[in-house]
Amino acid sequence: MVRDYDVIVHEDLRIANMTRSASGTIEAPGRNVAQKSGLNRSIVDAGWGAFLTVLAHKAESAGRELIAVNPANTSRTCARCGHCAKENRVTQVEFVCTACGHTAHADVNAAINILGAGLALRDAAEAA
Ligand SMILES: [Zn+2]
């Protein structure tokens, strides 16, 4: 990745762990607890944090940019028109925008949003 790309963008897991808390809300206490705790467990199992640590060191030594973005709504926002709704996410893998009809693999749609957010942060930093 560091050899092939000048800029690498990823979701900030410290924010993900907060926003994807399994504790639920006042309106819907504990909803999706099993699903969300499963997500958190899979992140731990994959050693994602360890991977990002290695990636950060490799990127720095190669002079590449590594950008972390807020993961909120990256998977439920349409990469084509920007419409954000949980109904856009039909299944774990299927994304269908209820506003413009854009369809994509849910991970690809989210990846485009993550890249866009990272490049926007980069542009803002360069303008400052
Ligand atoms: Zn759309």
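Among contacts (heavy atoms within 4.5 Å) between residues at least 6 apart in sequence, 51% join residues at least 24 apart. The model is predicted: local features need pLDDT of at least 70, side-chain atom pairs count only at pLDDT 80 or more, and totals for chains, interfaces and linings use all residues. Residues are numbered from 1 along each chain as its sequence is written, and side-chain values use heavy atoms, with hydrogens and water left out.

The chain holds 4 helices and 4 strands, taken as DSSP runs numbered from the N terminus (helices H or I, at least four residues; strands E, at least two). Their order along the sequence is β-α-α-α-β-β-β-α. Of the 128 residues, 23% count as buried; buried means under 20% relative accessible area, exposed over 50%, and partly exposed in between, with a 1.4 Å probe and protein chains only. The chain exposes about 8300 Å², of which carbon and sulfur atoms supply 56%. Such areas come from the Shrake-Rupley method with a 1.4 Å probe, and for residues only the protein chains shown count as cover.

The zinc ion has Cys-78, Cys-81, Cys-97 and Cys-100 as its protein donors, each through SG, lying 2.3 Å from the ion. Donors are N, O and S atoms within 2.8 Å of the metal (3.2 Å for Na, K and Ca); water is not among the atoms, so sites may look incomplete. The donor residues are spaced C-x2-C-x15-C-x2-C in sequence. The arrangement is tetrahedral because the 4 donor atoms subtend angles of 107 to 113° around the zinc ion; for four donors the term requires all angles to lie between 85 and 135 degrees.

Relative accessibility for selected residues is as follows.

| Residue | Relative accessibility | Class |
|---|---|---|
| Cys-97 | 3% | buried |
| Cys-100 | 32% | partly exposed |
| Asn-109 | 0% | buried |
| Phe-51 | 33% | partly exposed |

Asn-109 belongs to helix α4 (residues 106–127). Beyond its neighbours within four places in sequence, Asn-109 contacts Thr-74, Thr-77, Cys-78, Ala-79, Phe-95, His-102 and Ala-104. Thr-74 is 35 residues from Asn-109 in sequence, with 8.2 Å between their C-alpha atoms.

Phe-51 sits in helix α3 (residues 48–61). With Met-1, Tyr-5 and Trp-48, Phe-51 forms a nonpolar surface patch that has about 410 Å² of accessible area together. Patches are made of residues with over 30% relative accessible area and no salt bridge; like charges are joined within 9 Å, and nonpolar side chains (Val, Leu, Ile, Met, Phe, Trp, Tyr) within 5 Å. A salt bridge is a side-chain nitrogen of Lys or Arg within 4 Å of a carboxyl oxygen of Asp or Glu.

Conventions. Tetrahedral: all angles 85-135°; square planar, octahedral: opposite > 155°, others 65-115°.
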